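Okay, everyone, I've got one structure for you today. Have a look at it while I talk.

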Amino acid sequence: MHQIDKRNKMMSDEEFQNEANLDEQNHAQAQDNAENEQNAASPLEVLEAENAKLKDRLLRAVADMENLRKRTDRDVKDARQYAIANFARDMLTATDNLSRALLTMPQQAKDEAEGPFKSLIEGVDMTEREMLRLLEKNGITKLEPKGEKFDPHFHQAMFEIPNSDVADNTVMEVVQAGYVIGERVLRPAMVGVAKGGPKVMPAPASDNHAGADTGENVDRSV
C-alpha cells in the first residue's frame with residue numbers, strides 16, 4: 001500500500017514537472033512570436049528602407065563625382081600653369097647671363113659708349129628686358145626682396161651682414177634674384193641678411209599733437 005502511494009506520488013511529481021516545463025516552453029514560444037510580429041516590417045516599410053539606402057548611395061556617388069571633377073580641374077590647371085617650369089628654369093640662366101654682362105661694364109663706359117659698342121649695350125639691355133617681360137607674361141615673377149624680412153620659403157641666405165640699425169633677418173643685399181611661377185618657387189632669391197639688430201624695430205615716439213613730425217619714419221613691415 002505504501003509502495004503504491006509512493007509510486008503515485010512520484011508520477012504526480014513528474015507530471016507536475018512536465019507541465020511546468022511545457023508552460024515555460026509555451027511562454028518562451030509566445031515571446032518569440034510576439035517579437036517576430038513586432039519586428040516584422042510591412043512591405044511599405046521595406047520599400048522605404050531600400051529607398052533610403054539607394055538615396056544614400058546616390059548622394060555618395062554624386063559627392064565622389066564632384067570631388068573627382070574638382071581634382072581633375074585642379075590637375076589640369078596645375079599642368080597648364082607649371083608645364084613650362086623646367087623650360088623657364090633653364091631660361092633663367094640666359095637671363096642671368098645678360099644681366100651679368102651689363103653689370104660687368106662700368107657705368108662710365110656705358111655713358112661714353114658710341115657707335116657699334118653703344119648699340120651692343122642697348123641690344124643686350126633690350127634683350128634682357130624683353131626676356132623678363134615674356135617670363136612675366138607666362139606667370140613667372142621676379143623676386144627682389146631687398147629691405148624685406150627674410151622668408152625661408154622664398155629666400156636663401158648666403159651670408160650675414162652685421163647691422164644694428166635694422167631689424168634682425170632683414171634682407172640687406174640680393175646676390176641673385178629669385179623667381180616664382182604661380183604660387184610655387186621657381187628659384188629662391190640668394191640674399192645677405194642683417195644680423196645683430198633688434199628682433200622688431202621699435203615704433204617711433206608718438207606725439208600728442210596731431211600731425212606733429214616725430215622724426216624719421218621707421219619701416220615696420222619687417
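I'll start with the ground rules, then the overall picture, then the sheet.

So, this is a predicted model, where local features need pLDDT of at least 70 and side-chain atom pairs count only at pLDDT 80 or more, while totals for chains, interfaces and linings use all residues. Residues are numbered from 1 along each chain as its sequence is written, and side-chain values use heavy atoms, with hydrogens and water left out.

What's in there? The protein has 5 helices and 6 strands; these are DSSP runs numbered from the N terminus, with helices being H or I of at least four residues and strands E of at least two. Walking along the sequence, you get α-α-α-α-α-β-β-β-β-β-β.

Of the 222 residues, 18% are buried, meaning under 20% relative accessible area with a 1.4 Å probe, protein chains only. The protein exposes about 17,400 Å², with 53% of that from carbon and sulfur atoms; that's Shrake-Rupley, again with a 1.4 Å probe. As for contacts (heavy atoms within 4.5 Å), take those between residues at least 6 apart in sequence: 64% join residues at least 24 apart.

Now, the sheet. In what order do the strands of the open sheet sit? It's S2-S6-S3, 3 strands with mixed pairing, where pairing takes at least two DSSP bridges between two strands. S2 (155-162) and S3 (171-176) are the edge strands, each pairing on one side only. The twist averages 30° from one strand to the next, using axes fitted to C-alpha atoms and angles from 0 to 180 degrees between N-to-C directions.

S2 and S6 (residues 189-195) run parallel, joined by 7 bridges. Ile161, for instance, stands opposite Ala194 in S6.

Methods. Buried < 20%, exposed > 50% of the residue type's maximum accessible area, 1.4 Å probe, protein only.
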